[in-house]
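Reader: Can you walk me through this one? I'd like the overall layout, then some details.
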Amino acid sequence: MARHEAVPVSETGQETNEVDMDIRSLQKPLKEQYRSDPNASQITMRAKGGQTDAPIACSVDLGRAIYQAEAHKGVGGAGAGACSGDLLLGALAACAQITCQMVAAAMGIPTERIEVTVDGRLDLRGTLGIAKDVPVGFEDIHLHFDVIAPKATPEQLRALREKTEQYCVVMQTLMHPPSLQSEWVGQD
């Protein structure tokens, strides 16, 4: 993304942008509220998958947006849309990238680029039930951060990495899985 307007400078003399300048002021009242009322920080997020007319596909309703998903080509899907594995990796990439942006802004680290690529490796024999010794799901996931911050010190970059990994919700959820229960309704 090219900048054509004047670049603001932070109090430390580093280039910044409006998002960088506003992140602390945006979060300050939220942090104050959550400190004074911890119950206000408790949220429940919801996603709902529903059947569509297309075979082995569904719509995913997040409440604010609806996405289409389908089975991966490797298990019989058409291969034209995102599969659930793509959505999982996409959620991790988005969370890691946004977290890194927010941490960099909060730390006053000017960045030229923050891109996150996520690769997940799985063996579809597990998913298809043809090899009992092969796990169902991703065997490993690799995140690659491409951060261009030429004015950042090595110490700042180490802290950026540490805090990004510490506060990335999806990364932490995958590293420390929560309890998971399933409930079936509509059964006779």
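Author: We can go from the whole chain to the sheet, the helix packing and a few single residues. Keep in mind that this is a predicted model.

Reader: Fine. How many helices and strands does the protein chain have?
Author: The protein chain has five helices and five strands. Along the sequence, the pattern reads α-β-β-β-α-β-α-β-α-α.

Reader: What percentage of the residues count as buried?
Author: Of the 188 residues in the protein chain, 20% count as buried.

Reader: And the contacts between residues at least 6 apart in sequence: what share joins residues at least 24 apart?
Author: That share is 48% in the protein chain.

Reader: On to the sheet. What is the strand order?
Author: The order is β1-β2-β3, in an open sheet of three strands with antiparallel pairing. From one strand to the next, the twist averages 30 degrees.

Reader: Which strands stand at the edges?
Author: β1 and β3 do. Each has a single partner strand, so one side of each lacks a neighbour in the sheet.

Reader: How many bridges join β1 to β2?
Author: Four bridges join them. β1 covers residues 48–51, β2 covers residues 57–61, and the two run antiparallel. One of the pairings puts Q51 with C58 in β2.

Reader: Now β2 and β3. How many bridges there?
Author: Five bridges join β2 to β3, which spans residues 66–70. This pair also runs antiparallel. S59 stands opposite Q68 in β3.

Reader: Which residue in the turn between β2 and β3 has a positive phi?
Author: G63 does, at about 90 degrees. This hairpin has four residues between its strands.

Reader: What about side chains in a strand? Where do they point, as a rule?
Author: In a regular strand they alternate between the two faces of the sheet.

Reader: What is A47 in contact with, leaving aside its neighbours within four places in sequence?
Author: V60, D61 and L62. A47 and L62 are 15 residues apart in sequence, yet their C-alpha atoms are 4.6 Å apart.

Reader: Change of topic: helices. At what angle do α2 and α4 pack?
Author: The angle is about 130 degrees, and the axes are 9 Å apart. α2 and α4 are therefore oblique to each other. Their crossing is right-handed.

Reader: Which residues meet there?
Author: From α2, A96, T99, C100, V103, A104 and M107. From α4, Q156, A159, L160, K163, T164 and Y167. By class, the contact of α2 with α4 has eight nonpolar, three polar and one charged residues.

Reader: Where does I98 lie?
Author: I98 lies in α2, which covers residues 84–107. I98 is partly exposed, with 44% relative accessible area.

Reader: How far apart in space are I98 and V116?
Author: 9.4 Å, C-alpha to C-alpha. In sequence, I98 and V116 are 18 residues apart.

Reader: And T153, where is that one found?
Author: T153 is found in the loop between β5 (138–148) and α4. With a relative accessible area of 32%, T153 is partly exposed. T153 and I109 are 44 residues apart in sequence, and their C-alpha atoms are 9.1 Å apart in space.

Reader: Last one, A131. Where is its place?
Author: A131 sits in the loop between α3 (124–127) and β5.

Reader: Why does A131 count as buried?
Author: Because its relative accessible area is 12%, and buried means under 20%. Leaving aside its neighbours within four places in sequence, A131 is in contact with R125 and G126.

Key
Residues numbered from 1 in each chain as written. Predicted model: local features only at pLDDT ≥ 70, side-chain atom pairs only at ≥ 80, totals over all residues. Heavy atoms only, no water. Buried < 20%, exposed > 50% of the residue type's maximum accessible area, 1.4 Å probe, protein only. Pairing = 2+ DSSP bridges. Axes fitted to C-alpha atoms, helices over the stretch in contact; angles between N-to-C directions. Parallel < 35°, antiparallel > 145°, perpendicular 65-115°, else oblique. Left-handed = near helix turned anticlockwise from the far one by under 90°. Contact = heavy atoms within 4.5 Å. Nonpolar A, V, L, I, M, F, W, Y, C, P; charged D, E, K, R; others polar.
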